[in-house]
Every structure is written in structure tokens, then in C-alpha cells.
Amino acid sequence: MPKRIAVAAVCFAAAGLVWTACSNGVTVRAAVKAEKDRKPAPEFALKDADGKTVHLADYKGKVVLLDFWATWCAPCKVEIPWFMEFEQQLKDRGFAVVGVAMDEDGWSVVKPYLQEMKINYRILMGTEQVGAIYGGVESLPTTFLIDRQGKIASVHIGLDRGKEDFKNDIVRLLDAPRADFRDPARGLFAFLTGAR
Amino acid sequence: MKLKAELRTGYHVNSDKPADEYLIPLKLTWAKEPLQTVQIVYPKPQLEKYDFSPSPLSVFSGQFEIVTHFKAPPAIAPGPAMMTGKLRYQACNNKECLPPRTAEVTLSVDVQ
């Protein structure tokens with residue numbers, strides 16, 4: 001005779017976890033911060049698709065768009081074509097896009113996507129540790145604009161900015177006077193020659 | 001057994017059969033014992049259009065239930081037993097996504 005099963009209790013932690021996780025989903029609208037308010041972007045060492053270790057310091061002197069994303073993140077995929085366009089248009093002006101993939105399954109899922117999308121900028125494999133030093137990166141996409149001095153000029157969580165907004169911010173950072181042009185001697189030279 | 005889930009307003013999880021191969025499906029799995037899982041029935045997904053996607057996505061949102069049909073194997077001893085399971089899900093709203101999570105599910109049963 002078949003046995004009967006009486007359900008005594010169901011403990012379902014999932015819904016609570018969803019709530020908890022979702023409560024972290026805060027959308028932040030931020031434009032480029034004033035220079036005095038910018039903090040240094042944390043240094044990292046991550047592998048690219050070829051296995052080469054890449055440091056943020058490798059991009060010293062450039063404006064960097066650092067994009068935390070994942071193949072499972074549909075909103076991230078809206079921005080990727082924008083970033084490809086920015087890379088193509090602005091790389092000669094000292095700009096670079098660096099994508100940090102946060103996929104748990106690593107390159108086995110990311111590499112096919114890179115090939116499918118023909119992504120023209122460098123993608124690195126993210127780690128929890130790097131996510132943590134960049135503030136946790138709880139939501140994707142999370143995008144940092146880093147100025148030529150290696151400082152974080154703006155942070156964008158989620159699809160909070162349009163393509164043109166992003167581009168304007170990047171161009172603004174590219175057009176900003178370089179730190180090495182603003183030393184006292186340089187200022188004096190400009191004064192003496194009237195080239196102000 | 002009905003597993004009831006509720007998502008915060010504005011959020012969704014991918015259904016058990018998302019259209020895009022890169023999206024992470026909702027998946028409930030149970031341990032192989034003490035009960036045997038006969039069938040897991042997911043609700044009918046909603047096809048929702050979001051700003052970030054050119055085509056509708058197959059999702060669950062709000063409140064939904066996942067039904068599992070169990071059977072007791074012949075050799076099982078009568079009395080209280082515990083089933084454990086895992087629910088894998090990945091949630092997004094209209095602008096951002098949260099990392100995939102795996103939630104533990106426990107089910108207390110009385111085999112009579």
C-alpha cells in the first residue's frame with residue numbers, strides 16, 4: 001500500500017533572500033564629480049581572455065571606463081555596443097574601455113559571448129575580491145569612469161544614463177587639462193608667454 | 001507540495017525556460033532522498049517587455065508557486081522526515097540585475 005506523505009512545514013528561504021538581495025538594488029544617478037571629491041580607483045590585477053595579467057596601473061594617464069558586467073545581465077548588453085563605439089571613436093585620445101566579467105562560470109561562458117558580439121575592448125575576468133574593493137558591485141551593470149589621474153570621476157549603477165550622457169562625461173574628462181600641464185612651472189611659462 | 005515565492009515589486013526572475021541562452025533559469029532541485037521527486041511544475045511564465053531588451057522576456061514576477069510531486073519509496077520508514085532542496089534564481093529590474101543566488105529549501109514531512 002502506498003505511503004501517505006503529510007507536509008508538516010516548508011521552510012523557504014528563497015523569497016526572503018530575493019527580498020534581501022533586491023533591497024540592495026539602489027539606482028544611483030551621478031554625473032562627473034568635482035576633481036577635489038574624486039577618490040583613487042583601487043588597483044587590481046585580473047586576467048584577460050589570453051591569460052595575461054592586467055593592472056589598472058597599465059592605463060595610467062588614460063581616461064578609463066571600467067564596466068562590471070555579466071553575460072546573464074540583459075541590461076548590461078544594452079551598454080556594450082555603446083562602449084564598443086566609444087572605444088573605437090576615442091581610443092586615440094587616450095581613452096580605454098575595460099570590461100570586468102562577473103560570471104561565476106568564467107571564460108567558458110564569457111569567451112563565446114565575446115566572439116559572438118565581436119567586442120573590441122579588453123575584457124577581464126572579475127573576482128569577488130575586486131568587486132569588494134570597488135564597493136561590492138551588488139548590481140550589474142556598474143560602471144566607473146576613471147580620470148587620467150586614476151581617480152573615480154563617476155559611478156553608474158544600472159542603466160541610469162543614456163549613451164550620449166556617457167559620451168559627454170567621457171569627453172569632458174578627456175578635455176580636462178592634464179595634471180602635468182598644471183604644475184607651477186608650466187603655469188609660469190604660460191604666463192610669461194601669454195599663452196593662457 | 002507548493003513552494004510559494006514572492007518578489008519585490010519591480011523585480012523579476014527568469015522563468016525556467018528563458019529565451020536567451022545566456023540568461024540563468026529559475027531551477028528547483030531536490031535531494032534524491034528520503035522522498036523521490038516525481039515532477040516539478042513551474043508556473044506559466046509571463047512574457048514581459050523591458051527597456052533593456054528588444055524582445056519580450058520569459059519571466060516570473062510578483063507571487064508565484066512551484067509545485068513538486070513527491071512519492072515515498074517502498075522502503076521508507078514511517079515517521080518524520082526532511083527533504084532538502086535548492087532554488088537557483090537570478091533577479092533583475094528594469095535597469096539592473098542582481099547576481100545569481102541559490103536558496104536552501106527544507107521540507108518537513110510525516111510519512112504515514
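**Group meeting: a two-chain predicted model**

Let me start with chain B, where 32% of the 112 residues count as buried, a residue being buried if 20 or more other C-beta atoms lie within 10 Å of its own, exposed if 12 or fewer, and partly exposed in between, with C-beta atoms placed from the backbone. This is a predicted model, in which local features need pLDDT of at least 70 and side-chain atom pairs count only at pLDDT 80 or more, while totals for chains, interfaces and linings use all residues. Residues are numbered from 1 along each chain as its sequence is written, and chains are lettered from A and ligands numbered from 1 in the order in which they are written.

Staying with chain B, there are 0 helices and 10 strands, where helices (H or I, at least four residues) and strands (E, at least two) are DSSP runs numbered from the N terminus. The C-alpha trace of chain B spans about 55 × 20 × 20 Å along its principal axes. Of the contacts in chain B with a separation of 6 or more, 68% come from residues 24 or more positions apart, a contact meaning that the C-beta atoms of two residues, placed from the backbone, lie within 7 Å.

Strand β8 of chain B, residues 79–89, is joined by 4 bridges to strand β3, residues 27–30, and the two run antiparallel; here Leu28(B) stands opposite Leu87(B). Two strands pair if DSSP finds at least two bridges between them, and β8(B) also pairs in the antiparallel sense with strand β10, residues 101–111, over 11 bridges, with Thr84(B) and Thr106(B) as bridge partners.

Now to chain A, which averages a pLDDT of 83, with 75% of the residues scoring at least 70; pLDDT is the predictor's confidence in each residue, from 0 to 100. Two stretches call for caution: pLDDT stays under 50 over residues 13–29 of chain A, for which the model has 39 contacts beyond four places in sequence, and also over residues 181–196 of chain A, for which the model has 6 such contacts.

In chain A, 6 strands form an open sheet of mixed pairing, in the order β2-β9-β8-β5-β6-β7. Strands β2 (39–40) and β7 (122–125) of chain A stand at the edges with a single partner strand each, so one side of each has no neighbour in the sheet. Within the sheet, β8(A), residues 142–146, and β9(A), residues 151–157, run antiparallel and are joined by 5 bridges, and Thr142(A) has Ile157(A) as its bridge partner in β9(A).

Phe68(A) lies in strand β5 of chain A and is buried, because 23 other C-beta atoms lie within 10 Å. Not counting residues up to four places away in sequence, Phe68(A) touches several residues, including Val100(A), Leu140(A) and Thr142(A).

What does α5(A) pack against through its buried residues? They pack against β5, α2 (74–90), β6, β8 and β9 of chain A. Those buried residues are Asp169(A), Ile170(A) and Leu173(A), and they lie on the same side of α5(A), because they cover an arc of only 95 degrees around the axis, the arc being that of the directions from the helix axis to the C-beta atoms. The face of α5(A) turned away from its buried side carries the exposed residues Glu164(A) and Asp175(A).
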